[in-house]
Amino acid sequence: MKQETAENKKVHFISLGCPKNLVDSEIMAGTLMKDGYSVVGEAEEADTVIVNTCGFIEDSKKESIQRILDMSDLKQEGKIKKVVVAGCLTQRYKEDLVEGLPEADLFVGSGEFQNIAKILKKNEEGEKQKTFFNLPTYLQEEATPRVNSQPGHRAYLKISEGCMKRCAFCAIPLIRGNLQSRSIDAIVAEAKLLVAGGVKELIIISHDFTDYGWDIRRKDPTRKESPVELLKALDQVEGLQWIRLMYLYPDGITQEMVQVIKNSTKIVRYFDMPLQHVNDAVLKSMNRKMTRDEIETALMNIREHLPEAVIRTQFIVGFPGETEEQFEELLNFVADQQFDRVGCFKYSPEENTPGGKMEAQIDEETKQYRHDALMEVQQNISREKHRDFIGKTIEVIVEGFSEETDLLLQGRFWGQAPDIDGVVLINDGQAEVGDMVKVHITDSLDYDLVGEIVVQN
């Protein structure tokens, strides 16, 4: 048996789900390292494995359970000592998960992960308590320890927790609670720390960027927290080159916000805007507070003032009651709008959500057909849009070698978000990770671009 010393207090993280969950893992890592632990890259090298779970949809829940069981097998084989289950799945299912997974040693919810060092210490000292999910959602503080797990030139910056919307398909408010926004001062202070550490691109994340600050202003109307004021403040951070906004709901993309983005040299013209559907009846059933006309007005506002903007969106197919005619309307809308990026999800009925209780649930075969049909339309659009880049020279941030070839460098231009969009493959030229280089595009693939570095004189 290993003795519990600072030398062998080794922890490995498995972080599942969205970037917001990843930031929670980074906070746990920073908290533990401050307390004398080391974070290792392989589970077999660790004493403790922390599985930070996702509980959003059925597939993510299954993945989380499987990873917990995989780590429990390692524990049974004597390769690790403890399995800690953290995150959204724990918060959502609490006692059910504890009862169903006796293999795990500790369960930590989304309101207590910041206390992970204290929790592990209690367990090491013989504390029999196994569950820690009684506190409300934790709102990151300015002095919260955190270790950036991303390549050094980029980082996620979480500006709020929870959500004030109540979409019929979504369990996030059940897990993370109502909207809680951080102050602008705290967000800017963290941004400056990240930039001082070498970060060039900040990716702003929340459950809904456009609702940022609503809760603060509701309590104190004199406060300045709002999406526009936050953007203005971040735009002043010296040394920052790219600010990328994620999760912008169309009802909050105002003309003022578009103008702030237009006037900025740092905020990239990238709009990640989950629309979910376009048929008015389906939108109403989803409890989305917009109509097709309002969605089209928001899109027109962006394209009129920022014609070069890249627009990414997501749709749900197979929501209860969606007819073939309503799906065809969505399909035609995607073809007409020519979005740069589209993600498509098959509706997953979730417990304790209005959508999960609705009648007229759609069968899986129909969902799959609609998913494939929509993505086929979008693939053709993406292919054509990428061909338009051939012959152009674009600014690219270098991210390393291609995972598929191990020969070509790869990077991203401002219209590509990490891990969800394509990349720029660089087949000629040398650069270091984190460098900003000019790349001349020579070829295009369905989702990626190919080019060569332009040597600057």
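Predicted model: local features only at pLDDT ≥ 70, side-chain atom pairs only at ≥ 80, totals over all residues.
The feature "binding site" in the UniProt record, an unreviewed entry, falls on three cysteines: Cys163, Cys167 and Cys170.

Start with Cys167. This residue sits in the loop that runs between strand E8 (160–161) and helix H5 (172–176). Leaving aside residues up to four places away in sequence, Cys167 is in touch with Met286, Asn287 and Arg288.

Cys170 turns up in the loop between E8 and H5 as well. With a relative accessible area of 18%, Cys170 also comes out as buried, since the line is drawn at under 20%. Its contacts, again skipping residues up to four places away in sequence, are Phe56 and Thr353.

Then there is the matter of disulfides. A pair of cysteine sulfur atoms has to lie within 2.5 Å to qualify, and by that rule the count is 0. Cys88 is a case in point: the nearest cysteine sulfur belongs to Cys54 and is 6.1 Å away, so Cys88 is in no disulfide under the 2.5 Å cut-off. Cys88 is buried too, at a relative accessible area of 9%. For Cys170, the nearest cysteine sulfur is that of Cys167, 6.2 Å off, and Cys170 is likewise in no disulfide.

Conventions:
Residues numbered from 1 in each chain as written. Heavy atoms only, no water. UniProt positions renumbered as here; feature names shortened; annotations may be inferred. Helix = DSSP H or I, 4+ residues; strand = E, 2+ residues; numbered from the N terminus. Contact = heavy atoms within 4.5 Å. Buried < 20%, exposed > 50% of the residue type's maximum accessible area, 1.4 Å probe, protein only.
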